[in-house]
Structures are given as C-alpha cells and as structure tokens.
Amino acid sequence: MSLQFVIDGLLTGSMIGLGAIGVTLTYSILRFSNFAHGDFMAWGTYATLAVVSAIGATFGKVAPIAPLSFGWPLLVALVVGMAFTALLALLLDRVLFSRLRSQGQAIIVVMASFGASMALRSLLEFTFTSRPTYFSRAIQIAMPVGFGIRITPDQIALLLLTAVLVLGVHLLMTRTQTGRAMQALSQNAALARIVGIDVASVVRVTWIIGGALACVAGVMIGILVQIRPFMGFDMLLPMFAAAILGGIGSIPGAVLGGLIIGLAEAGAVQLIGAEWRAAVSFIILMAVLFVRPIGLFGVRER
Amino acid sequence: MSETVLDVRDLEAGYEPGVPIVRGASITVRKSEIVVVLGPNGAGKSSFIKAIAGLVPITGGTVLLDGKDITAAPAHTMVRLGLAFVPQTENIFQLMSVEDNLKVACGILERREIPARIDEMYAAFPDLMRQRRTAAGNLSGGQRQMLAVARALIVHPKVLVLDEPSAGLSPKFVSMVFEMLAGIRKSGVTILLVEQNAKAALAIGDRAYVLVEGKDRHEGIASELWNDPVVAELYLGQRPSHASKGGVA
C-alpha cells in the first residue's frame, strides 16, 4: 500500500483539529455543544473569498508567491476573514447564546445553535448559491518526497501554519493570564468569579479564538478541496469526534484527536474503500471511549 | 478604637425575591481584628457572608469597605475593591497546579509584581512551595485550605473573608487552620469568618457576633462569649460547643 494516506490524513486531520479547538473550548468554557461551529468555518471561508475577490478587483491580478498557488491577497484576506468570523461568533453569542445561557438550560442553547447553524448555512446558499467555488483553479505539481509520498507546496505551507497556530494557542492557554483564566472558568465557574475573573471577557476571548481558528480550517479546506456552503457542516461530526477523543477542554487533545481521525479516514479509504470513510472515525472514537471515557488528554474531575 | 474596615448595616439578602435568608444583620470589623460570626445551623451565616462577597443577591442594607459602598458589587470585582473571599468548599482549582492556582488569582496585580508576591506566599506557606507543581486536587485537606487562603491573601486584601474554614477537616487540620489564621492576623490582615466550630473560632477571635434567623442577636468579646449565658440561650439552651459537633437540635 502507498503511504500517501499519511499526508492526506495529516491534512484532513489538521482541518478537523483546528476546528475541534473551537468546539472543545466552547464545550468546556460555555458548557454547550455549538452545532453552528462548522458554519463559522464556511462563513469565514466565504468572507476570505470575498476579500480576495475585492483585492483582485482593486489591484488586478497578483502573482502567487512561488511555489504556492496563492499570493499575498489570500494571506491578507485570511486575516480579515479570521477577524470577521470572530466577530460573527461574538455577534451570535450576544444576540442568541448569551440570552439563553442566562436561563441556565444547556439543551436549549444546543438547540438554538442547531437553528443558527441552519440559518447561517441557508444564508450562504442564498447569497453564493450551492455551486462549489475555488480560491485558485491552478493545478499544483506534487513533489515526490520518498516512500511513494507526494506533497504539494500548498500542503506543506498549511501543515506548517497549523503547527504554528496550535503551538500558539497551547502557549496562550498554559502560559498567559488569559489562558489560566479560561482554564479556571472551565473548572469552576463560581470560584473563577471569586478570584476576580471577569466571566464575560473570558467568554469573548473563547469566541474570538474559536471563530478565528474555524476560519483558518475553512480556508484550508477551500485551498485544498473546494468551497461550498455545506463545507463546515460536513466537518461537524469529525470535529466533535476529535474533541471528545482528545478529551474535552484539551487543546493538544483536540488536535491529536483530529489527526487520528484524519489518518484513520484516509487509511480507511485506501484499505477498505471510500464508503467506509465516515464510519471508521466513529469506530475509533467508540473504541477509545470504551477504554478511556474521558478521552486521551481528558482529566477526571476530583 | 481603631478604624473600621468593614461595616455591614441592616443587610437583607436571599436567593429568591420575597424570601430573605439574611434579615437585617449588622456587623463591623476593625483593622487587624479577627471577627467571628457564630450561630446555629440554618441561621443564615453562610448566606450572610456570601452576600457580602457578592454571591447572594442583596435586597436591603449596605456594605461599606473602608468607607466605600460595595453593596451588591459583582463578585468578580470584589478582589479589586479589597475583599478576598474563601468559600467553604471547592475553593481551589483542582486540575491546576498549586502555582497556577496562585497565579490565576493575580489578575489585579502588576505583572512584574507577581513572581515576588508568589515567593512571599511560598515563604509564608512552605508546604505550598514543596508542592508547587502538584495538581491542587492532590493536596491534603489542610493544604487545600492553606492554598485557598494563600490565593486570597496574594492580592493584598483589606479584609479576608472565610466561610467555615474548618468544615470537613479532621481535628488535626482544624487546629492547623486556626493557628494559620491567627498567624495571618499577626501580620496585620483583617479577618472575618463564619464558623460552626465555635470553640476553636472564639479561641483566636477578638470579637464575635451570634446570628440567629438571619439577624445579629448578640455581640461580644470572643473570649467572654464562650461562657456568656445569652449565647447558650441563643443556641437553644445548649452550649455552643455542642453546636460544633455537627448541628443543634
């Protein structure tokens, strides 16, 4: 068998992992499963695409940064898209989730996020149609790197970007006062207030990080696969699987969970056939939870 | 008489509107004093002290800290206002290291001040220094209280407020915790505590109040209250020592 599935799996796993960071943070800090997280990905990607188009219309055709398929407009647009997605998450929290959260029933917030997910997705279809689109239609030549593995420059760049972002978020969570406040809030919300943590501001930071990373994950899918209104929703179950597999609340866990599921899916496609792709991640998820119900990096309370 | 740090006047508080648990309680705490609030089970002691800390809705009365009105200020602003609260249970972040428990409480300190302040806490509580990398959930009961108190002291509070610091501790740790509080007062910190263990609390306290049915009913010098017949009567005819053995009839 070819080892190509390793690269494919790592790439899919990176997208899942970046998305799962937002899922795991929302779950551990705000205590609900945000089904709209996948649609943050799609909105972030379309926002980035819109900015790329706007830059193209203003500055004309910009040559890509060799050997990548994209140029500086996409990088600028990605930053704008991340900010946009973070704002979208904050807005949705302000008008919807925070009001329901204050009534204290988690399941209502979960259902609301399901509704928000459908509404956001429909708005995208309405505005951009459901026809797939692309950041670039240029074809990249994959370079052989040995062991029968081929990789494109875009893929290398995106794997590196994922590594940098994951490391950055991990350091933020463990080394900064903001990160410690987020950990504190996820462990004991009442005590967090007593020690002087402003819950509202930690909640804002949580949405900003989750939204911005969702946008990056979406843009990765857009660069490597295609852009569709359903692109994020289709990632929802693998993202939740990754977050649970890694242990709720753990950033390294979410990323590792994403990579495991990405590799398992890619391996399954090669070994048993593409129709088993979705099933395999869940078999692994169930197997891990059977042995270790708190997930790989999860910690038992008390 | 030295200056008043905490002045609570006619406090009324409760979780539900129209159902007050605290019904017009007043106390004062002066600088560098240990003031103890006693009372039978269900007297509203815990609600009283939580209301002061911003954790139970206040429906009437005032709380002044150094003359400043802090009545019903949001709980997360209390440390900045100078009031540090140590809850009775779940008063540490169990999954975080001892050191991170201290650091996370330093939000109101200047960044460059934090390492020195943590070292000061380690000097005062050497046990914590030895366990600095340990997850706080793995500490013994006494060490947990030590950490909770250190975490509260780290921000230089004007008053340290504790809800039953001896609750759930074995006798050995109970005396350790009260010795620790007596030592903290010696360094000039003002302390207000609610206690079920009347004997141990009165032994280290300066003054005490007896709270019954949400109202302060009696006040006195801590060392004299132990033999005060009024106190015995307020405890429904029992001496407060019996109350400490887990409840009054």
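# Chains A and B: reasons behind the labels

Tutor: Helix H6 (residues 141-153) of chain B lies across S6 and S7 of chain B and runs at about 170 degrees to S6(B). The model is predicted: local features need pLDDT of at least 70, side-chain atom pairs count only at pLDDT 80 or more, and totals for chains, interfaces and linings use all residues. Residues are numbered from 1 along each chain as its sequence is written, while chains are lettered from A and ligands numbered from 1 in the order in which they are written.

Student: What is behind an angle like the one between H6(B) and S6(B)?

Tutor: Axes are lines fitted to C-alpha atoms, for helices over the stretch in contact, and angles run from 0 to 180 degrees between N-to-C directions. The helices (H or I, at least four residues) and strands (E, at least two) are DSSP runs, numbered from the N terminus.

Student: Which strands form the open sheet of chain B?

Tutor: Six strands do, in the order S6-S7-S8-S3-S9-S10, with mixed pairing. Neighbouring strands are turned by 20 degrees against each other on average, direction ignored.

Student: What makes S6 (83-86) and S10 (215-221) of chain B edge strands?

Tutor: Each of them pairs on one side only.

Student: How do you know that S3 (residues 34-38) and S9 (residues 207-212) of chain B pair?

Tutor: Pairing requires at least two bridges found by DSSP. S3(B) and S9(B) have four, in the parallel sense, so they pair. Leu38(B) has Val210(B) in S9(B) as its bridge partner.

Student: Which strands of the sheet does helix H1 (residues 45-52) of chain B touch?

Tutor: H1(B) touches S3, S7 (159-163), S8 (190-194) and S9 of chain B. Its direction makes about 145 degrees with that of S7(B). Contact here puts two C-beta atoms, placed from the backbone, within 7 Å.

Student: Why is Leu92(A) called buried?

Tutor: The cut-offs are counts of other C-beta atoms within 10 Å: buried is 20 or more, exposed is 12 or fewer, and partly exposed lies in between. Leu92(A) has 22, so it counts as buried. Leu92(A) is in helix H3 (residues 72-101) of chain A. Leaving out residues up to four places away in sequence, Leu92(A) touches Ala36(A), Phe97(A) and Ala116(A).

Student: What makes H9 (residues 236-246) of chain A mostly covered?

Tutor: In H9(A), 10 of 11 residues are buried, including Leu236(A), Met239(A) and Phe240(A). The buried residues pack against H1 (4-30), H2 (37-59), H10 (251-271) and H11 (277-291) of chain A.

Student: Why is Arg31(A) called partly exposed?

Tutor: Arg31(A) has 15 other C-beta atoms within 10 Å. Arg31(A) lies in the loop between H1 and H2 of chain A. Its phi is positive, about 60 degrees, although Arg31(A) is not a glycine. Most residues other than glycine have a negative phi.

Student: Why does Ser32(B) get the label partly exposed?

Tutor: The count for Ser32(B) is 16, so it also falls in between. Ser32(B) is in the loop between S2 (22-30) and S3 of chain B. The phi of Ser32(B) is positive too, near 60 degrees.

Student: How many residues does each chain give to the contact between A and B?

Tutor: Chain B gives 21 and chain A gives 17. On the chain B side, H3 (98-104) gives the most, with three residues.
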